[in-house]
Structures are given as structure tokens and as C-alpha cells.
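Here's a walk through one model, written for someone who likes cut-offs spelled out. Have the viewer open and follow along.

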Amino acid sequence: MALQCLVFDCDGVLLDSVPIKTRAYARIAEPFGPEAKDRLVLYHTRHGGVSRYKKFAWFYQEVLGREITPEESDALARKFVDYSLEEVRRCPFIPGAEETLRRWRGVLPMYVCSGAPDEEVNAVLRERGLKEYFNGIHGSPPAKAEVLRRIVAPLPLAPEDVLMVGDAPTDRDAAAQVGTLFYGVGPELQGGSFPWGPDLTGLNDWIAAQV
């Protein structure tokens, strides 16, 4: 059947915000030394789309050698917002993102499936003037695959009629688990068995060939 619905990740797909968040993780880990900082940054870059709370828990368990407390997790989350949110509110769009949204607005239903906290991603996209493009904007919790499943399940469509657009293995794996199509964005996903682009400049033509 023809492609009938579009689902986008946010960071690295709509907004060029991944470098901002990488710097925020580096600042959070910096007080624990250069090795700790490097390990958290590497874990973050290899696990795009994973909740920041899970990354904090991993950092404490695997790097610091103890369980993180709820109070520590909340404190790190507040620091993360302090270090990143203002920049995310004004960072550039990924090339082709605005054109893609304008092209398919009112033609195909569109959703956001993000690993960022639900309230935060809704607020950022509203402030950026993007909320009106989407039928729904969904963040964490839960994990990315479950967020995507909750988007797709109520739709009167088969999963294979839905396209997930993402820039991280977490996005690719979520699409595979739910059964949607997948379009990869950015260097981390180059060379896979799915359609791919360095940004979104080629996405309009690809979608047009599927609908």
C-alpha cells in the first residue's frame, strides 16, 4: 500500500540540536574527570534517542560504580536543561526539514516521536512554530519503540504504511520493532539497508515516490 503517515524524531532530524545536547552531557560529567566525561559523551552519541534519565543511570552505575538516587537524577536533569534548552530553542533546522513539513502538511498526517521528555519537546516545537504541523508530538517516557507503537496503534493504517524518520540506531530499531518503514538521516546510519540521506533535502522526493 502507499505511504500514508510520517513520523519524525526531533533532535538531529528536525532540529540541529544534537551537538548542543552532546556539550551538555560533557559539562555534566566534567566534574568527575576527563575519562568520565569522555565515557558519558561516547555513550550518549552511541545511544541517541535514549532518555537522558537512562543515560544518567548508566553513568552512575558503569562509570561511578553506584546506583543513582532519584534526587541526583532530578538534579542532573535540571542541569541538563540549564545547559541546553535555550540553545535548542534557537538552533538551526536540519536542512530540508522546514520544506518537508510544508510540503506534506494537510496531505499526510505527521507526528513526532522523540526521546526527549514529552513536556519539553512539546514546548520547544510550539515555541519554534512547528506544533501546528503535527497531529501529535510525543516524547519520553516510555522508550522510543513504545512511543512509536502508541502513535501507530490507534491509526486506521497498517504499520508498513507509516514512515519513521530518524538519525539514530534507536530510531531504526523502533521502526523495526513496530513494523514501520524507516528513512535514516545523518552519518551514523549511512550504509544501511534502508533509504538514507545526510539530511532531509532528499526526503520530499523519496516520499513523493511512495504516496
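Leaving aside residues up to four places away in sequence, Phe134 touches Phe8, Leu14, Leu101, Met110, Tyr111, Val112 and Leu125, where contact means heavy atoms within 4.5 Å. Keep in mind that this is a predicted model: local features need pLDDT of at least 70, side-chain atom pairs count only at pLDDT 80 or more, and totals for chains, interfaces and linings use all residues. Numbering starts from 1 along each chain as its sequence is written, and side-chain values use heavy atoms, with hydrogens and water left out.

Phe134 also shows up in the largest nonpolar core, which has 33 residues; those with the most contacts inside it are Leu6, Phe8, Leu15, Leu125 and Phe134. A nonpolar core here is a set of buried Ala, Val, Leu, Ile, Met, Phe, Trp, Tyr and Cys residues joined through side-chain atoms within 4.5 Å. Buried is under 20% relative accessible area, exposed is over 50%, and partly exposed is in between (1.4 Å probe, protein chains only). Elements giving two or more residues to this core include strand S1 (5–8), helix H5 (97–104), strand S2 (110–117) and helix H6 (118–127). Helices (H or I, at least four residues) and strands (E, at least two) are DSSP runs, numbered from the N terminus. Because domain 1 and domain 2 both give residues to this core, it lies between them. Apart from it there's another core, of 19 residues, with Cys5, Leu148, Leu157 and Val162 among them.

## Two domains

The chain splits into domain 1 (5–16 + 93–209) and domain 2 (17–90), with bounds from an automatic or database domain assignment. Taken over C-alpha atoms, the domain centres are 24 Å apart. Across the boundary, 17 residues of domain 1 are in contact with 18 residues of domain 2.

## H1 against H4

The axes of helix H1 (residues 18–29) and helix H4 (residues 70–90) come within 9 Å and cross at roughly 145°. Those axes are lines fitted to C-alpha atoms, for helices over the stretch in contact, and angles run from 0 to 180 degrees between N-to-C directions. On the H1 side, the contact includes Ile20, Ala24 and Ile28, while H4 brings residues including Leu76, Phe80 and Tyr83. By class, this contact has eight nonpolar, one polar and five charged residues; Ala, Val, Leu, Ile, Met, Phe, Trp, Tyr, Cys and Pro count as nonpolar, Asp, Glu, Lys and Arg as charged, and the others, Gly among them, as polar.

Met164 is in strand S4 (residues 162–166). Its relative accessibility is 0%, so Met164 counts as buried. Residues touching Met164 include Val7, Phe8, Cys113, Leu148 and Phe182. Met164 and Tyr111 are 53 residues apart in sequence, yet 9.3 Å apart C-alpha to C-alpha.

Pro198 sits in the loop between strand S6 (196–197) and H9. Pro198 counts as exposed because its relative accessibility is 57%. Leaving out residues up to four places away in sequence, Pro198 touches Val185 and Gly186. Pro198 and Gly12 are 186 residues apart along the chain, with 11 Å between their C-alpha atoms.

Most peptide bonds are trans. Ser140 and Pro141, though, are joined by a cis peptide bond, with omega about -10°. The bond from Pro141 to Pro142 is cis too, with omega near 5°. Pro141 lies in the loop between strand S3 (136–140) and helix H7 (144–152), and Pro142 is in the loop between S3 and H7 as well.
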